[in-house]
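Subject: Handover of a structure for your review

Dear colleague,

Please find below the structure that I am handing over to you.

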There are 2 protein chains.
Amino acid sequence: MSNVNEILAANEDYAAEFGDKGALSHDPARRFAIVTCMDCRLDPAKFAGLLEGDAHVIRNAGGRVTADVIRSLLISYEMLGTNEWFIIQHTHCGMQGFTNEEARARFAADAAKQGIDAVEAHYIDFMPISGTIEENLVRDVSHLRHHPLVPAAITIHGYVYDVHTGRLIVSEEAERIGAGK
Amino acid sequence: MSNVNEILAANEDYAAEFGDKGALSHDPARRFAIVTCMDCRLDPAKFAGLLEGDAHVIRNAGGRVTADVIRSLLISYEMLGTNEWFIIQHTHCGMQGFTNEEARARFAADAAKQGIDAVEAHYIDFMPISGTIEENLVRDVSHLRHHPLVPAAITIHGYVYDVHTGRLIVSEEAERIGAGK
């Protein structure tokens with residue numbers, strides 16, 4: 001069966017058991033947001049215990065605090081009422097395995113096969129992660145904490161998810177930097 | 001109980017039942033990626049039938065095809081082997097309810113109370129959605145289809161998720177534009 005058919009069959013089952021979820025508010029009931037990686041091994045609703053209606057979930061390559069994540073978090077707070085944000089990066093992240101130059105070389109090598117020009121890859125920062133995940137997490141939490149539109153009333157948390165155990169591990173340094181007032 | 005304690009208690013239960021998921025590959029087994037909105041009502045693993053290890057999930061405010069989403073999708077394809085991407089926006093999206101100017105006015109009004117300066121909000125495009133969700137979806141799929149680093153071998157799909165029924169509704173125009181070769 002194709003991906004499309006499998007997804008639509010699963011969706012049919014989900015809709016058949018939808019119950020009263022159509023009445024949920026678009027304001028997160030538990031007033032928090034989670035930022036994490038797109039990694040296929042991570043299911044934040046499962047590993048953090050979220051039901052539909054509970055919380056915002058924002059995901060990108062690396063669970064990085066990019067401008068787009070900040071845009072999303074600011075809307076989450078100002079328009080939809082969250083006041084607590086969890087930045088959750090993870091062990092053995094694919095973003096630790098390469099540099100921007102290596103990524104650009106891969107696009108260049110692939111481009112010939114695909115019949116496309118890979119020059120655009122030189123204009124993209126793929127945001128690979130250097131150093132340890134906790135070092136990167138602390139930097140990202142600090143970057144967010146110091147954004148001029150993030151008020152002190154927001155608490156920012158920093159956790160590392162262990163892909164080998166399913167466990168969330170707190171980063172004390174990220175917590176210290178991310179604490180609100 | 002605080003959000004932190006509730007999340008950690010749920011995570012304890014998840015880790016206790018983790019089974020053999022620690023052996024999963026970081027390459028998505030089903031070789032596709034889903035882009036969707038951060039909205040609290042959406043659980044893409046549930047509405048599309050994903051298990052841990054299956055697929056990348058990328059989420060931001062609106063499920064918009066931003067530069068950060070394109071960065072993530074390019075890594076998903078070039079580094080981690082996906083070749084089919086689903087852009088899934090949804091009915092009654094909070095991003096349809098305001099303009100950039102209205103968002104900036106809200107930050108300005110809030111800033112005085114928070115003791116911060118809201119000038120930075122004038123330098124952020126919050127990417128509110130104008131027109132219908134399907135018009136926006138078609139634009140976003142077209143934007144992605146025409147990106148110079150997206151090869152024809154990638155199939156791009158466009159769906160709208162109905163928050164009142166839990167159902168995925170295909171956009172024929174987005175599918176036509178997004179089709180690969």
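Predicted model: local features only at pLDDT ≥ 70, side-chain atom pairs only at ≥ 80, totals over all residues.

Overall architecture

Chain A contains 6 helices and 5 strands. Read from the N terminus, the order of its elements is α-β-α-β-α-β-α-α-β-β-α. The C-alpha trace of chain A spans about 50 × 45 × 35 Å along its principal axes. Chain A has 181 residues, of which 60% count as buried. Among the contacts in chain A with a separation of 6 or more, 66% are made by residues 24 or more positions apart.

Relation between the chains

Chain A is superposed on chain B by a rotation of 180 degrees with a shift of 0.0 Å along the axis, at an RMSD of 0.0 Å. The two copies are therefore related as by a two-fold rotation axis. Both copies use the same surface, since 100% of the contact residues of chain A recur in chain B. The residue of chain A that comes closest to the rotation axis is A:R59, with its C-alpha atom at 2.4 Å.

Salt bridges

Over all chains, the count is 18 salt bridges. One of them joins the side chains of A:E52 and B:K46, at 3.1 Å from N to O. This pair crosses between chains: A:E52 belongs to the loop between α2 and β2 of chain A, and B:K46 to helix α2 of chain B. A:E52 is buried, at a relative accessible area of 10%, whereas B:K46 counts as partly exposed at 36% relative accessibility.

A second salt bridge, also of 3.1 Å from N to O, is formed by the side chains of B:D54 and B:R30. B:D54 lies in the loop between α2 and β2 of chain B and B:R30 in the loop between α1 and β1 of chain B, so this pair ties together parts that are 24 residues apart in sequence. Both partners are buried: B:D54 has 11% relative accessibility, and B:R30 has a relative accessible area of 18%. B:D54 also touches residues including A:C40, B:P28 and B:G49.

A further salt bridge links B:R176 with B:E173, with the closest N and O atoms 4.0 Å apart. These two residues lie in helix α6 of chain B, 3 residues apart, or about one turn of the helix. B:R176 is exposed, with a relative accessible area of 59%, while B:E173 counts as partly exposed at 40%. Elsewhere, salt bridges with shared partners join A:E6, B:R30 and B:D54 into one network.

A buried glutamate without a salt bridge

Which contacts does the side chain of B:E84 make? B:E84, in strand β3 of chain B, is buried and has no salt bridge; the nearest side chain of opposite charge is that of B:R30, 8.7 Å away. The side chain of B:E84 does make a polar contact of 2.7 Å with the side chain of B:H157. Another polar contact, of 2.8 Å, joins B:E84 to the side chain of A:N3. Other residues that B:E84 touches include A:V4, B:F32 and B:T155.

The whole structure holds 10 aromatic pairs over all chains. The rings of A:F107 and A:F126 are stacked, because their centres are 5.4 Å apart and their planes meet at 15 degrees. A:F107 lies in helix α4 of chain A and A:F126 in the loop between α4 and α5 of chain A, so the pair ties together parts 19 residues apart in sequence. A:F107 is buried, with a relative accessible area of 4%, and A:F126 is buried as well, at 0%. Ring pairs also link A:F32, A:F86 and A:Y159 into a cluster.

A:P128 likewise lies in the loop between α4 and α5 of chain A. Among the residues touched by A:P128 are A:R64, A:M95 and A:F98.

With kind regards

Conventions: Residues numbered from 1 in each chain as written. Chains lettered and ligands numbered in written order. Heavy atoms only, no water. Helix = DSSP H or I, 4+ residues; strand = E, 2+ residues; numbered from the N terminus. Buried < 20%, exposed > 50% of the residue type's maximum accessible area, 1.4 Å probe, protein only. Lys, Arg positive; Asp, Glu negative; His and termini not counted. Polar contact = N/O pair within 3.5 Å; in protein donor to acceptor, adjacent residues only side chain to side chain. Contact = heavy atoms within 4.5 Å. Least-squares fit on C-alpha atoms with pLDDT ≥ 70 in both. Phe/Tyr/Trp six-rings, centres within 6.5 Å; stacked < 30°, edge-to-face > 60°. Lists of a residue's contacts leave out its neighbours within four places in sequence.
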